[in-house]
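Okay, thanks for coming, everyone. I've got one structure for you today, so let me put it on the screen and we'll walk through it together.

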Amino acid sequence: MTQPDTQLPKATVPAVDRPTKPAMLNGYRQKCPNCGEGQLFTGYLKVVDTCAVCDQDLHHHRADDGPAYLTILVVGHVLAVLMHVGFTQFRPNPMVFATVLTIVCVALSLYLLPRLKGVIVGIQWARRMHGFGHKA
């Protein structure tokens, strides 16, 4: 007795491989994940709709709260180490210490937020997520 073919349909394999690591690095540099030359943002966090160099559609991205979460995660861990080392080694005045840590926190957050958003857009592009896979 033969068994009916109950296998699920096989997923279609993309025609062109999109390596994730270069796309993430391009995103960190705030460049297009496809060509690495065009600007990724028009402002501080506004992603361009289309790359000016390679015409890659970038409006599909769905970064949402991911960049903010990653920024808080990284800044929190860096500041925890700085607070521990700074207080145990130097015993600074608490107000001076709080002021310095506040400045470091704000500066590091403003530096990392657009770069981590670029990384997330690069991952989404490389993995063909949220509409990035419809065109080859």
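By contact I mean heavy atoms within 4.5 Å. Before I go on, a word on what you're looking at: this is a predicted model, where local features need pLDDT of at least 70 and side-chain atom pairs count only at pLDDT 80 or more, while totals for chains, interfaces and linings use all residues. Residues are numbered from 1 along each chain as its sequence is written, and side-chain values use heavy atoms, with hydrogens and water left out.

Back to the proline. Pro114 is found in helix α3. Helices here are DSSP runs of H or I with at least four residues, strands are runs of E with at least two, and both are numbered from the N terminus. Is Pro114 buried or exposed? It's buried, because its relative accessible area is 3%. The cut-offs are under 20% for buried, over 50% for exposed, and partly exposed in between, with a 1.4 Å probe and protein chains only. Now look across to Phe41: the C-alpha atoms of Pro114 and Phe41 are separated by 8.6 Å, although the two are 73 residues apart along the chain.

The other partner I like is Gln30. Gln30 sits in the loop between α1, residues 20-28, and α2, residues 66-90. If you skip residues up to four places away in sequence, Gln30 touches Gly38, Gln39, Leu40, Phe41, Pro114 and Arg115. With a relative accessible area of 19%, Gln30 counts as buried. And have a look at its backbone: phi of Gln30 is near 65 degrees, a positive value in a residue other than glycine.

Where else does that turn up? His130 has a phi near 55 degrees, again positive and again in a residue other than glycine. His130 is found in the segment after α3, and at 42% relative accessible area it's partly exposed.

One of the residues touching Gln30 was Arg115, so let's follow that one. The charged end of Arg115 sits over the ring of Tyr111, 3.9 Å from its centre. "Over the ring" means NZ of Lys or CZ of Arg within 6 Å of the ring centre and within 35 degrees of the ring normal.

While we're on rings: how many aromatic pairs does the structure hold? One. Phe87 and Phe97 form it, tilted, at 6.5 Å centre to centre with 35 degrees between the planes. For the cut-offs, rings of Phe, Tyr and Trp (its six-membered ring) pair if their centres lie within 6.5 Å, and planes under 30 degrees apart are stacked, over 60 edge-to-face, the rest tilted. Phe87 lies in helix α2 and Phe97 in helix α3, residues 94-126, so the pair ties together parts that are ten residues apart in sequence. Phe87 is partly exposed at 37% relative accessibility, whereas Phe97 is buried at 18%.

Staying with α2, Gly66 is found in that helix, and at 24% relative accessibility Gly66 counts as partly exposed. Gly66 and Leu116 are 50 residues apart in sequence and 8.3 Å apart in space, C-alpha to C-alpha. Ala80 is in helix α2 too, partly exposed at 39%. From Ala80 to Leu101 it's 9.9 Å, C-alpha to C-alpha, and 21 residues in sequence.

Finally, the whole thing. The protein has three helices and zero strands, running α-α-α from the N terminus on. Of the 136 residues, 32% count as buried. Take the contacts with a separation of 6 or more: residues 24 or more positions apart account for 57% of them. The accessible surface comes to about 9400 Å², and 64% of that belongs to carbon and sulfur atoms; those areas come from the Shrake-Rupley method with a 1.4 Å probe, and for residues only the protein chains shown count as cover.

That's my tour, so over to you for questions.
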